[in-house]
Amino acid sequence: MSEQNPTGAGFPVERIDTSKPHPARMYDYYLGGWDNYEVDRVAAEQVITMAPEARASARANRAFLGRAVRTVVRSGIRQVIDIGTGIPTSPNTHEVAREIDPSVRVAYVDNDPIVATHAGAKLTDTGQAGFALADVRDPKSILDSPLVRELIDFDQPVALLFVAVLHFIKDAEDPVGILRAFTERLAPGSHLVLTHGTTDFHRDAEGDAREVYRNATAHLTLRGYDEILPFFDGFDLLEPGVVQAPLWRPEGALPEASELHRIAFYAGVGVKE
């Protein structure tokens with residue numbers, strides 16, 4: 001399958017692995033979606049049993065994505081790279097962005113062929129948006145892909161979205177180096193939108209949830225605030241900095257304290273100096 005044909009047609013059957021849970025499909029289940037398999041649902045329910053905050057965290061993470069996209073587009077950004085976009089769940093990045101400016105271009109990237117099968121109908125059917133099947137661990141393959149080169153002008157500011165991605169990169173895989181390979185290509189004024197799972201607010205659950213993801217296609221590495229903050233090196237953080245996802249520029253009432261305690265994501269947006 002070429003990157004210009006995001007419908008999923010032409011994938012070898014062996015490329016679609018339904019024998020192991022995939023984080024994108026588990027995330028879809030947390031959000032209440034149906035684009036997942038039994039193996040994903042079983043694994044997700046195991047995580048929810050061990051870490052009841054999983055579903056609330058996923059929804060808070062998704063809500064932050066919408067607020068962050070609106071913020072960067074209102075600041076003048078007109079092109080977005082959404083890394084690890086996951087199963088399309090409306091409103092998607094391009095839908096949120098185009099509520100403000102219909103000219104925004106969006107390049108979606110994910111490593112799951114099943115995400116690609118949905119991309120044609122839900123992500124790339126309105127023009128000025130495309131999907132690349134690629135792995136974040138190979139930044140060059142993404143940055144130099146025909147799809148990204150067609151949609152993104154790296155001489156102009158870009159919004160780079162790393163939403164719920166880096167906690168699937170192990171320390172040995174150098175998450176800082178992977179992120180820097182992307183951000184060094186960005187023009188000044190570009191924005192980094194990032195969320196990351198943490199156990200800072202619910203330390204008892206880390207080991208159990210991590211065990212479930214060891215049987216998935218990507219392992220889970222939860223990090224603390226002091227490990228996440230350096231991802232924004234070279235960027236000026238927008239207020240209120242790196243905070244729990246619901247606390248980043250909330251729209252409407254904040255969750256109750258008991259609910260906020262269950263949100264296992266840090267979130268932040270930075271502007272390249």
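Biologist: Where is Pro240 found?

Modeller: Pro240 sits in the loop between strand S6 (235-237) and strand S7 (243-244). Helices (H or I, at least four residues) and strands (E, at least two) are DSSP runs, numbered from the N terminus. A cis peptide bond joins Glu239 and Pro240, with omega about 10°. This is a predicted model, where local features need pLDDT of at least 70, side-chain atom pairs count only at pLDDT 80 or more, and totals for chains, interfaces and linings use all residues. Residues are numbered from 1 along each chain as its sequence is written, and side-chain values use heavy atoms, with hydrogens and water left out.

Biologist: Why is Arg249 called partly exposed?

Modeller: Its relative accessible area is 35%. Buried means under 20%, exposed means over 50%, and partly exposed is in between (1.4 Å probe, protein chains only), so Arg249 is partly exposed. Arg249 lies in the loop between S7 and helix H11 (257-260). Its phi is positive, about 45°, although Arg249 is not a glycine.

Biologist: Why does Ala164 count as buried?

Modeller: Ala164 has 14% relative accessibility, so it counts as buried. Ala164 is in the loop between S4 and helix H8 (175-183), and it too has a positive phi, of about 55°, without being a glycine. Most residues other than glycine have a negative phi.

Biologist: What makes Asp40 buried?

Modeller: Asp40 has a relative accessible area of 0%, so it is buried. Asp40 lies in helix H2. Leaving aside neighbours within four places in sequence, Asp40 is in contact (heavy atoms within 4.5 Å) with Lys20, Pro21, His22, Arg25 and Met26.

Biologist: How do you know that H1 is mostly covered?

Modeller: In H1, 8 of its 8 residues are buried. Among them are Pro23, Ala24 and Tyr27. Gly32, which follows H1, has a positive phi near 90°.

Biologist: Which residues make the contact of H1 with H2?

Modeller: H1 contributes Arg25, Met26, Tyr29 and Tyr30, while H2 contributes Asp40, Arg41, Ala43, Ala44, Glu45, Val47 and Ile48.

Biologist: What makes Phe64, Leu161, Val193 and Val269 stand out in the largest nonpolar core?

Modeller: Of its 38 residues, these four touch the most other members. A nonpolar core is a set of buried Ala, Val, Leu, Ile, Met, Phe, Trp, Tyr and Cys residues joined through side-chain atoms within 4.5 Å. Several elements each supply at least two residues of this core, including helix H3 (53-74) and strand S4 (159-163). H3 gives the most, with 8 residues.

Biologist: Which residues does Leu161 contact, neighbours within four places in sequence aside?

Modeller: Leu161 is in contact with Leu65, Val69, Val80, Ile81, Asp82, Ile83, Thr93 and Val193. A second, separate core of 32 residues includes Ile83, Leu143, Ile178 and Tyr266.

Biologist: How much of the protein chain is buried?

Modeller: Of its 273 residues, 56% count as buried. The chain has 11 helices and 8 strands.
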